[in-house]
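Morning, everyone. I will talk through one structure and its pockets. Please have a look at it first.

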Amino acid sequence: MITGHTRFVPLLAHPCRHVRTPPLFNAECERQGEDIVMVPLDVLPERLHATVDSLRAIENLAGMVITIPHKGAIAALCDRLVGAAALVGACNIVRREKDGSLTGGMFDGEGFVAGLLHRGHDPAGKRVLLVGAGGAASGVAHALLGAGVAGLTIANRSPEKAETLAGQLRGLFENARVETGPPNPRGFDIVINGTALGMHAGDALPVDVDRLGAGTVVGEVVMQPDMTPLLAAAEARGCVVHKGIHMIEQQVRLLVDFLK
Ligand SMILES: NC(=O)c1ccc[n+]([C@@H]2O[C@H](COP(=O)([O-])OP(=O)(O)OC[C@H]3O[C@@H](n4cnc5c(N)ncnc54)[C@H](OP(=O)(O)O)[C@@H]3O)[C@@H](O)[C@H]2O)c1
């Protein structure tokens, strides 16, 4: 029930028809007894700045949740970045403080790891191959190292981005084994697609699936389609598949907590 006490959280996206967060987020608010409601807003990139300036003036705005293509641009509009947002230079949530200032956070990675844990795939002590070095992959890499993986190999189409990310992570996690390499999944316990590959029909597979060993946990950040070509191929080879939706299912609790 929306009343005069309800705080509001727009989900900023463009386009917004594919978003899956609002029902999960609103159900989590209800579960936690938080009087907050999420509504998707379709915002063109060139209107993001004006939209955020207007939104920050609203007293009952709890914050904003951000998705493609705004995660990088919103970071520049925040007054401060905390946690993984500072590493990644991107945010997927912004909290409006009482003085109207904006604090940006990034929970994609923590959400991914929370999803793994929830489904019984503790990454601690595991060898992980992560494909991608963009916003989602960077957050996932940060959270995996925080969760104590034995080693992390980053493979990216643009290798210099993988090198830059690996260097930043080595600076943050001194004893961690972080390497860059090809998208060859042989020998890894957990293989994760952190790229956008799989969203569109005809996309290439992010890893060489013929080299996937049975029993490997194969995870996705892509949520649409629910079962990506990578997951279908992995399942056919006897791997344990972990869908992109699990990243957001477990993340909504972290997002609601951040807005309290
Ligand atoms: N499940 C969730 O909760 C969740 C949360 C956030 C994001 N996501 C999903 O994660 C995906 C990536 O989002 P993002 O924010 O990280 O985007 P991004 O910052 O633009 O990064 C895109 C990544 O995908 C790679 N890539 C794109 N097209 C490619 C291609 N044709 N071949 C090889 N690599 C390619 C890029 O490689 P280069 O560096 O070489 O360009 C880069 O590593 C999207 O599908 C998004 O929906 C899911």
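What volume does the largest pocket have? About 1200 Å³. This is a predicted model, where local features need pLDDT of at least 70, side-chain atom pairs count only at pLDDT 80 or more, and totals for chains, interfaces and linings use all residues. Residues are numbered from 1 along each chain as its sequence is written, and side-chain values use heavy atoms, with hydrogens and water left out.

A pocket here is an open set of points on a 1 Å grid over the protein atoms alone, where a 1.4 Å probe fits, with protein on both sides within 12 Å along at least five of seven lines; lining residues have an atom within 4 Å of a point. Points are joined across faces, edges and corners, and the volume is the space filled by probe spheres set on them.

The largest pocket has 44 lining residues, and I68, A136, G194, T195 and A196 lie nearest its centre. Helix α9 gives the largest share of that lining, 4 residues; helices are DSSP runs of H or I, at least four residues, numbered from the N terminus. Domain 1 (7-106) and domain 2 (109-247) each supply at least three lining residues, with bounds from an automatic or database domain assignment.

Now the second largest pocket, at about 180 Å³. Its lining includes R7, E59, R95 and K260. By type, that lining has 3 nonpolar, no polar and 7 charged residues. Nonpolar means Ala, Val, Leu, Ile, Met, Phe, Trp, Tyr, Cys and Pro; charged means Asp, Glu, Lys and Arg; the others, Gly among them, are polar.

How values were computed:
Helix = DSSP H or I, 4+ residues; strand = E, 2+ residues; numbered from the N terminus.
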